[in-house]
Amino acid sequence: MKYKIFILLITLTVISNIIFADSFVIRFDNPKKYLVTNFVLEGYDIASYKPGIYLDLVVDQQEYENLISQGYSMRITQTEQQLSSNLNAGTDLAGYRDYDEMLADLQLYEALNPDICKLYDIGDSRAKTYSDAGNANYDDYYHDIWALKVSDNVETEEDEPSIYYLAEHHAREPISLEVVMYFLDHILAQYGTDPTITDNINNSQIWIVPLVNPDGHKIVTSEIDLWWRKNICDNNENGMIDVNGYNPADGVDPNRNYSWNWGGASTNWSSETYQGTTSFSEPETQAIRDLLSEHHFIAGLTYHSYGELILYPFGYADGVVAPDEAALSDLAVAMATSIPGMYSGNYTPQPGWALYPCTGTTDDYSYGTYGIFGYTVELATEFIPNANQVAGICEDNLQAPLIMLDRINHSSLQGHVTDADTDDPVQAEIFIDGIDDTGEFRNPYLSNQEFGSYYRLLTDGDYTVQFIAYGYEPSIYQNVNINSTNSTILDVALNPATADITVTGVVTDVDTGWPIEGAVVEIPGYNIPSVTTNVAGEYEINNLYAYPYDFLVYADGYASTMENVFVSSTNNVADFSLAILDDGTFESGEFASSWNFDGNQPWFIDSTNMNSGSYSACSGNVYDDQTSKMYFSMYVPNDDVISFYYKVSSEEDYDYLRFYIDGELQDMWSGNVDWQEAVFNVETGNHTFLWEYYKDGGVSNGYDCAWIDDIVLPISAWSLTPSSLAFLTIEDCIDGLQFSVINNSDSEIVLDDITSSGTEFPWFIDSFNMTFPYNLSVGEQLDFLVKVALPVENLSREILTDQLYVQSDNGQKHIDLSFDDELVGNDDLPNSISTEFMGNYPNPFNPTTTFKFSISTSAKTSLNIYNMKGQLVKKLINKELPAGIHTIKWNGKDMNSRNVSSGIYFSTLDIDDEGLDYTSTKKIILLK
Ligand code: 0X9
Ligand code: ZN
């Protein structure tokens, strides 16, 4: 039955397209907000939305009839015929430029104003890359992305703020190109005449990219499809341009392809808002990304049509507030009130999301990444206004970009950050209290690396400003006055600091509060040696600068955590707590505390659908445009895989289960999928694994959810931790730094050898004279110390590196060793060690516990678990062990791999060798 309806629908759609091929714009007058939300969700092509005034959709005849039959009232405001005639009307007048005309104009501007104009080719269009690869179907689309720089000394990157003006991300919005070209023409004509414009050109670097999407522009200007919006990425890889007909397969929406929060827009090729395969998958957005990375932009406008709006970041989700909201909004208001509008007097200023939330836009990227005040202008009241209206629209829009150009000269803070000793520029974070600690996250604002210059656009008032750079004493300025009469100048010389701060703390189990031994505390990115906690869970990191470091903390069997700590001489204690990793089977019937939940609903434990056992995890009950997310983070000790089983019951191609690693989409599934296994590679390091069920359309199918079960964590058969060790002090070299080999698998692993690449510096492994091969039992952990043994006075301060290799019958792994200090070595040999059974930790335990003991010489050792009746439950160790400290984990399973029940057990360590005879029994408690 369902099948028949489906065929009928296809037939209807095909017929309707043959009869009514044209699309047109329909307008809903005085629309309520929910109308736009609904149409966005239902996947309609939204042309524009002017709150309370109009909502326009691009529809075909079929969609139009559907809407009529649903009882909507609206009117047709623009037909394809009108578009075409508007585009061409009075071609003797300005009309709309095509690519060649635009390029000729830019070249002419450059030729006429060589002192202040320079034209740059900043990238290729998508089609040009196909043409270059030999596909002749794209030869007519051999386009570059052009940027004209306007500034004095135009050839050099000067110590001045940069400002961008971009146009036509969207093909059917050619009015944007015209507006930007008009502005360009105006400032060039006024240079040397208008003192403000002359001053602005001399003191800033203006970058104009009038046509971001040249391929799409050609689709429109050559009238192949007057409604075309996207670029012409060959999504279906058939080597042809598919832009016409029903659901054309090609094209990526460039304004959904930027990376800030990328991934929430459409995943359907034929959608007008298709986001692309990855962020920055398109050469057009790559060109803008690169431009932004190469210059120090402080503000910019990207022109679109239509709606008579000025939008400011953020826009990726409903209600998101930017840290700079007040100043962003003020400038939006100033620009918007300068532009006369057809409705309500002037253009309307509002945050991006207030139009509709969408991810991957230019503004979110430029603001989120660099703190650039990036705005979208939605010009005019139709996509292609009649050519004879173009000049008027351009004239109306002249003031706004000029206001932006002059913005830095008032209500702002600027200056240079330098090294107090050398006067060299310093790249520092400029942190303003009450701004940078508010709103949604954006990257910290940084001074320019080359010049040390910074520019903050603010609202008037008194601020506390902190200047923070690695290796320098932080500098704090109170009561910095910002006012509208001028720009406040604050030059800051930072004093080089000595790294003399010691941070200490305790790492505990979040559920029990017990200390965790062997947890690794790491500060990635600064060549600071990672440390491990002692038996009391304590750690100590020496030689730190005052700085806001990210601390990564992880331990075997626990989820990892990453926390920012602003270390200073007064803030030097940092405690962390870790949550036990879920085993991924959900068989305990509840989520371990390592799971985190996000989105509109949490996941829950389900006992009706499972891949194995009695339980699985199921996504929460979400409504339209809602998500249900669950995630955890862990340190992956070696390159490995994560696998899990999933089941989906959703509307095919609309509602998805998605899996992300570190925010990167790995795969997604929709429709009716019975239990399937998915496997993904994971590299060594800290990672966040996230499962999301996302429901977009108004339609629901199936159970409308997804299940996950039997996650196999990326804990390889054996691990070598940490993956790198750095020596920084002489003490470290003498005392040694610890590394461990752990058998995580359920069978024995044979260690064949530990060797070094041995080229750089003389170190040795304090292995207590163990002999190879060595059989590493299930759960066993062997700890070693690396020491530098020989006098090495002659080593210079340059960084030396070496590798340590561990070979086993299960492959090879290595640890990077490095040190960057002048070292004096010694030949101290390992201290002697006593024989002692330290018992297990934690105790009571559930479900795993770790035993620890030391032996003074190599000896035949056994460690067994007995129950209250004296029956043997499990043999943990029974072999010759080297002298040293040993640990071994017990997973609470008996010899037949069954979970043992709660209660009291006994562990007995027995060492029986020539010269050494030792027995010790300890009580252990399993508490479920
Ligand atoms: O949807 C877009 O890309 C822009 N509108 S257009 O009609 N020109 O396509 C607006 C994007 C603005 N940002 C947000 N709404 N978040
Ligand atoms: Zn647009």
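A charge sits over a ring if NZ of Lys or CZ of Arg is within 6 Å of the ring centre and within 35 degrees of the ring normal. Lys218 meets this rule over the face of Tyr141, at 5.6 Å from the ring centre. The model is predicted: local features need pLDDT of at least 70, side-chain atom pairs count only at pLDDT 80 or more, and totals for chains, interfaces and linings use all residues. Residues are numbered from 1 along each chain as its sequence is written, and side-chain values use heavy atoms, with hydrogens and water left out.

**Charges over rings**
- Arg289 places its charged end over the ring of Phe280, 5.0 Å from the centre.

**Nonpolar cores**
- A nonpolar core is a set of buried Ala, Val, Leu, Ile, Met, Phe, Trp, Tyr and Cys residues joined through side-chain atoms within 4.5 Å.
- Buried means under 20% relative accessible area, exposed over 50%, partly exposed in between (1.4 Å probe, protein chains only).
- The largest core holds 126 residues, and Tyr165 and Tyr375 have the most contacts inside it.
- Helix H7 (residues 175-190) supplies the largest share of this core, nine residues.
- Helices (H or I, at least four residues) and strands (E, at least two) are DSSP runs, numbered from the N terminus.
- Another core, of 41 residues, lies apart from it; among its members are Leu737, Phe739, Phe853 and Ile911.
- Beyond its neighbours within four places in sequence, Tyr165 is in contact with residues including Phe183, Trp207, Tyr303 and Met404.
- Contact means heavy atoms within 4.5 Å.

**Aromatic pairs**
- Rings of Phe, Tyr and Trp (its six-membered ring) pair if their centres lie within 6.5 Å; planes under 30 degrees apart count as stacked, over 60 as edge-to-face and the rest as tilted.
- The count is 56 aromatic pairs.
- Phe314 and Tyr367 have ring centres 5.2 Å apart and planes at 65°, so the pair is edge-to-face.
- Phe314 lies in the loop between strand S10 (309-312) and helix H11 (325-336), and Tyr367 in helix H13 (residues 362-370), so the pair ties together parts 53 residues apart in sequence.
- Both Phe314 and Tyr367 are buried.
- Trp890 and Tyr905 are also edge-to-face, at 6.3 Å centre to centre and 70° between the planes.
- Trp890 and Tyr905 are both buried.

**Helix packing**
- The axes of H7 and helix H8 (residues 195-203) come within 8 Å and cross at roughly 100°.
- Axes are lines fitted to C-alpha atoms, for helices over the stretch in contact, and angles run from 0 to 180 degrees between N-to-C directions.
- H7 and H8 are therefore roughly perpendicular (65 to 115 degrees).
- His186, Ile187 and Gln190 in H7 meet Ile197, Thr198 and Ile201 in H8.

Key:
Chains are lettered from A and ligands numbered from 1 in the order in which they are written. Angles under 35 degrees count as roughly parallel, over 145 as roughly antiparallel, 65 to 115 as roughly perpendicular and the rest as oblique.
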